Amino acid sequence: MKNNPRKVCNETTLTFLSRSANEGFARTVAACFAAQLDPTLDEVNDIRTAVSEAVTNCIVHAYPDRLGKITMRLRTFEDNSLEILVKDTGIGIEDVAQARTPLFTTGNEERSGMGFTIMESFMDGIRVRSTLGRGTTVVMNKRISRRLGGPV
């Protein structure tokens with residue numbers, strides 16, 4: 001995020017193949033990274049669910065007939081918030097607004113078309129950028145509540 005006035009406290013980036021087995025890996029990494037903000041169990045589950053949806057979208061839609069790379073960047077900020085970027089270099093999304101419509105899918109009949117809707121419901125903010133033939137970037141933000149006795 002350019003010109004971001006918030007101060008980054010910590011960050012990590014990982015890149016993995018678009019294998020379905022890596023969806024659970026990404027979900028676990030995100031939850032472990034977020035733990036430094038002392039989230040509630042509900043907040044951890046929200047993060048895990050949103051990451052699962054974002055990574056699954058890459059696996060199913062970005063690379064429908066081949067393996068590709070998925071990059072996930074996680075950052076914490078001094079305002080006790082978390083930013084999760086999930087990026088692919090796959091086929092891209094023709095119409096992002098349509099793709100964000102509940103029940104819309106370019107997948108098979110097993111896909112619910114609720115990925116972006118789920119991400120939006122579990123995170124405080126979500127941005128999607130996509131270019132056909134170049135890939136998609138999803139940036140999700142979550143403010144973690146400060147608990148009494150938690151880290152400062």
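The dialogue below goes through the sheet and the helix packing of a predicted model.

Me: What should I know about the model and its numbering before I start?
Reply: Residues are numbered from 1 along each chain as its sequence is written, and side-chain values use heavy atoms, with hydrogens and water left out. Because this is a predicted model, local features need pLDDT of at least 70 and side-chain atom pairs count only at pLDDT 80 or more, while totals for chains, interfaces and linings use all residues.

Me: In what order do the five strands stand in the open sheet?
Reply: Strands are DSSP runs (E, at least two residues) and helices likewise (H or I, at least four), numbered from the N terminus, and two strands pair if DSSP finds at least two bridges between them. Here the order is 1-2-3-5-4, with antiparallel pairing. Strand 1 (8–17) and strand 4 (125–131) are at the edges with a single partner strand each, so one side of each has no neighbour in the sheet.

Me: How many bridges join strand 2 to strand 3, and which residue stands opposite Leu74?
Reply: Eight bridges link strand 2 (residues 69–77) with strand 3 (residues 81–88), and Leu74 stands opposite Ile84 in strand 3, while Arg73 stands opposite Leu85. In a regular strand the side chains alternate between the two faces of the sheet. In the hairpin of these strands, with three residues between them, Asn80 takes a positive phi near 65°.

Me: How is the packing of two helices described?
Reply: Two packed helices are described by the angle between their axes and the distance between the axes. Axes are lines fitted to C-alpha atoms, for helices over the stretch in contact, and angles run from 0 to 180 degrees between N-to-C directions. For helix 1 (residues 21–34) and helix 2 (residues 41–62), the axes come within 8 Å and cross at roughly 145°. Contact, meaning heavy atoms within 4.5 Å, is made by residues including Ala26, Ala30 and Ala34 of helix 1 and Val44, Ile47 and Val51 of helix 2.
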